[in-house]
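Please keep the sequence and the coordinates at hand while reading.

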Amino acid sequence: MAVTDAIVERLRAAGCVFAEDEAQLLVDEADSPDELEAMVVRRVAGEPLEHILGWVEFSDLRIIVEPGVFVPRQRTQVLVDEAGRLARPGAIVVDLCCGAGAIGAALLETCEGIELHAADIDPVAVACARLNVEPEGQVHEGDLFAALPADLKGRVDIVVVNAPYVPTDAIALMPPEAREHEATVALDGGADGVDVHRRIAAEVGEWLVPDGYVLIETSQDQAPLTIAALEASGFSAWVERNEDVDGTAVIGTRPL
């Protein structure tokens, strides 16, 4: 099948900025004209392209993304890059609030010999992460650290976190693709967006080895609040930026 001007125009009229590229992706993914039409209808109705395709490209991998699951953003590459620099062979790494498991899958691909555990509270996301992470890594369902096996306590080298950090009132201002098609639990970070970061900062110390690291995706505006949360729990913390993907991470470790 070939991309037609009619498909491009329908997508453009629906507000798709990259209508030509999206049309090509839909054509490539569809197995029949009927399936293509159904996919175009879903996209015109506002469903995320990634949910329609069933995957998103992240860190040179195709990550499976089921409807309702948070779509990995390219800015999260900052966490993969920073964790990849810190991980050593044999390191125990936790991908907390893992969503589809994109960070964990990328770290398994780029870091030699790590033991990877991923966890999320959303059962739909957990099922999706298992498709992307297992059997090389393990995926657990539950609320933050409560999801992890108890025998990991005090043994984790790196905790990587893409927790929700959208302020509650700002969710209504997000594009419809996000606010209507991604789980609220994956977006809502409380009044200032840092509530989950504070919970993680309060608990992460008992899971890390003495010289372990916690890496938390945040925004440039919220980074001082994320740093303050870690410092309140005895961590030294700093900001790392990746301008290429507009990604911001706060990294914390405890002084020895």
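Leaving aside its neighbours within four places in sequence, with which residues is Ile158 in contact? The model under discussion is predicted, and in this model Ile158 is in contact with Ala83, Leu86, Ala87, Ile92, Val93, Val94, Leu208, Tyr213 and Leu215, once those neighbours are set aside. Ile158 itself is found in strand β6, which comprises residues 156-161. Its relative accessibility is 2%, and because buried means under 20%, Ile158 counts as buried. Sequence separation and spatial separation may also be considered together: Glu182 is 24 residues from Ile158 along the chain, and the C-alpha atoms of the two are separated by 27 Å.

From this residue one may turn to the protein as a whole. The protein contains 10 helices and 9 strands. Its radius of gyration is 19 Å, close to the 18 Å that the globule rule gives for 256 residues, so the protein is as compact as a globular protein of that length. The C-alpha trace spans about 65 × 40 × 30 Å along its principal axes. Of the 256 residues, 51% count as buried. When contacts between residues at least 6 apart in sequence are considered, 60% of them join residues at least 24 apart. The accessible surface comes to about 11600 Å², and carbon and sulfur atoms account for 51% of that surface.

Rolling a probe the size of a water molecule over the atoms shows where empty space is left. The largest pocket holds about 970 Å³ of space. It is lined by 41 residues, of which Glu50, Val71, Pro72, Arg73 and Arg75 are the closest to its centre. Several elements each supply at least two residues of this lining, namely the helices α2 (19-29), α4 (49-53) and α8 (176-181) together with the strands β1 (55-58), β7 (208-218) and β9 (247-253). By class, the lining of the largest pocket has 22 nonpolar, 7 polar and 12 charged residues.

The second largest pocket holds about 400 Å³ of space. Its lining is formed by 30 residues, and those closest to the centre are Cys97, Asp120, Pro164, Val185 and Ala186. Helices α6 (102-110) and α9 (195-203) and strand β4 (115-120) each supply at least two residues of the lining of this second largest pocket. The residues of that lining divide into 20 nonpolar, 5 polar and 5 charged.

Note on methods. Residues are numbered from 1 along each chain as its sequence is written. This is a predicted model: local features need pLDDT of at least 70, side-chain atom pairs count only at pLDDT 80 or more; totals for chains, interfaces and linings use all residues. Side-chain values use heavy atoms; hydrogens and water are left out. On a 1 Å grid over the protein atoms alone, a cavity is a set of points where a 1.4 Å probe fits but cannot get out, and a pocket is an open set with protein on both sides within 12 Å along at least five of seven lines; lining residues have an atom within 4 Å of a point. Grid points are joined across faces, edges and corners, and a volume is the space filled by probe spheres set on the points. Helices (H or I, at least four residues) and strands (E, at least two) are DSSP runs, numbered from the N terminus. Ala, Val, Leu, Ile, Met, Phe, Trp, Tyr, Cys and Pro count as nonpolar, Asp, Glu, Lys and Arg as charged, and the others, Gly among them, as polar. The radius of gyration is taken over C-alpha atoms; the globule rule is 2.2 Å times the number of residues to the power 0.38. Buried means under 20% relative accessible area, exposed over 50%, partly exposed in between (1.4 Å probe, protein chains only). Contact means heavy atoms within 4.5 Å. Accessible areas come from the Shrake-Rupley method with a 1.4 Å probe; for residues, only the protein chains shown count as cover.
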